[in-house]
Amino acid sequence: MSDRSTSGGDSTGRARGTAGYAGAADALAVQYEEVTFGEVHRDVLGLVPAEPARILDIGAGTGRDAAALAALGHDVVAVEPTAELRAHGQRIHAGSAIDWVDDVLPELALRQCRRPGRFEGIFATAVWMHLDAGERGQAMARIAALLMPGGRFFVNLRHGPVPEGRHMFDVSAAETVELGAAHRLRTVLSSERADLHGRDSVRWSSLVLQAEDSRDARG
């Protein structure tokens with residue numbers, strides 16, 4: 001999935017983090033929908049809110065995950081800055097109750113969101129590696145501010161060669177855990193898996209970082 005950052009854009013005005021996604025949107029729409037939400041997030045499914053909750057999906061792409069979460073009864077806001085991917089998502093998942101928003105990390109203002117507020121769950125699937133170190137620090141602060149007490153941040157990190165034309169950085173799970181801790185987000189799960197599309201050179205890390213609950217603070 002894709003996201004964009006605010007530190008610069010290309011000649012079309014697109015932010016650097018979205019580089020390569022618009023032109024490949026048709027093919028990516030097929031690729032994204034070939035795997036399911038359950039397959040991609042199998043290690044963290046037990047930590048997804050069991051009861052209807054407010055969920056933010058950053059870099060939602062075609063809305064595969066957003067639609068699956070909406071089908072579970074959650075109130076889902078899907079952020080996707082690449083218009084071509086967003087259009088595919090709105091077509092493919094036209095029947096899903098998803099609030100689509102064109103927005104961007106690290107500030108993620110969510111001005112288009114129909115109902116402002118905080119979230120019990122935030123997903124960033126194949127997004128975080130598009131941000132440079134400074135942007136990741138700003139983005140984590142924003143994520144922490146958007147989480148309700150006890151809310152969880154689900155991060156999916158891609159490791160491997162950078163595809164031609166993409167704007168990516170090598171971001172480790174350890175760095176992400178440390179950055180989360182600096183913003184009072186404790187790690188409740190960390191795992192790794194192979195690439196679901198069969199790319200031997202690509203692997204993935206799954207992390208779940210949880211905001212401090214008021215009950216934890218009292219304890």
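Helices here are DSSP runs of H or I with at least four residues, strands are E runs of at least two, and both are numbered from the N terminus. With that, I read the elements from the N terminus on as α-α-β-α-β-α-β-β-α-β-α-β-β-α. The chain has 7 helices and 7 strands.

Ground rules, before I forget. This is a predicted model, so I keep local features to pLDDT of at least 70 and side-chain atom pairs to pLDDT 80 or more, while totals for chains, interfaces and linings use all residues. Residues are numbered from 1 along each chain as its sequence is written, and side-chain values use heavy atoms, with hydrogens and water left out.

**Overall.** I looked up burial: 50% of the 219 residues count as buried (under 20% relative accessible area, with exposed over 50% and partly exposed in between; 1.4 Å probe, protein chains only). For contacts (heavy atoms within 4.5 Å) with a separation of 6 or more, 70% join residues 24 or more positions apart.

**Cores.** A nonpolar core is a set of buried Ala, Val, Leu, Ile, Met, Phe, Trp, Tyr and Cys residues joined through side-chain atoms within 4.5 Å. The largest has 35 residues, and Leu56, Leu110, Ile122, Trp128 and Phe153 touch the most other members. Elements that each supply at least two of its residues include strand E1 (54-58), strand E4 (119-125) and helix H5 (133-146). I checked Leu110 too: leaving out residues up to four places away in sequence, Leu110 touches Leu56, Val79, Val101, Asp103, Phe119 and Leu146. A second, separate core of 19 residues includes Ala53, Ala60, Ala66 and Ala70.

**H3.** Why is H3 (residues 64-71) largely enclosed by the rest of the structure? Because 6 of its 8 residues are buried. I list them as Arg64, Asp65, Ala66, Ala67, Leu69 and Ala70. Glycine 73 follows H3 with a positive phi, near 100 degrees.

**H5 and H6.** Their axes (lines fitted to C-alpha atoms over the stretch in contact, angles from 0 to 180 degrees between N-to-C directions) come within 10 Å and cross at roughly 50 degrees. On the H5 side I find Arg136, Gly137 and Met140, meeting Glu175, Thr176, Leu179 and Gly180 in H6.

**Asp213.** Buried or exposed, I wondered about aspartate 213? Aspartate 213 is buried, at 13% relative accessible area. I found aspartate 213 in the loop between E7 and helix H7 (214-218). Not counting residues up to four places away in sequence, aspartate 213 touches Pro149 and Gly150.
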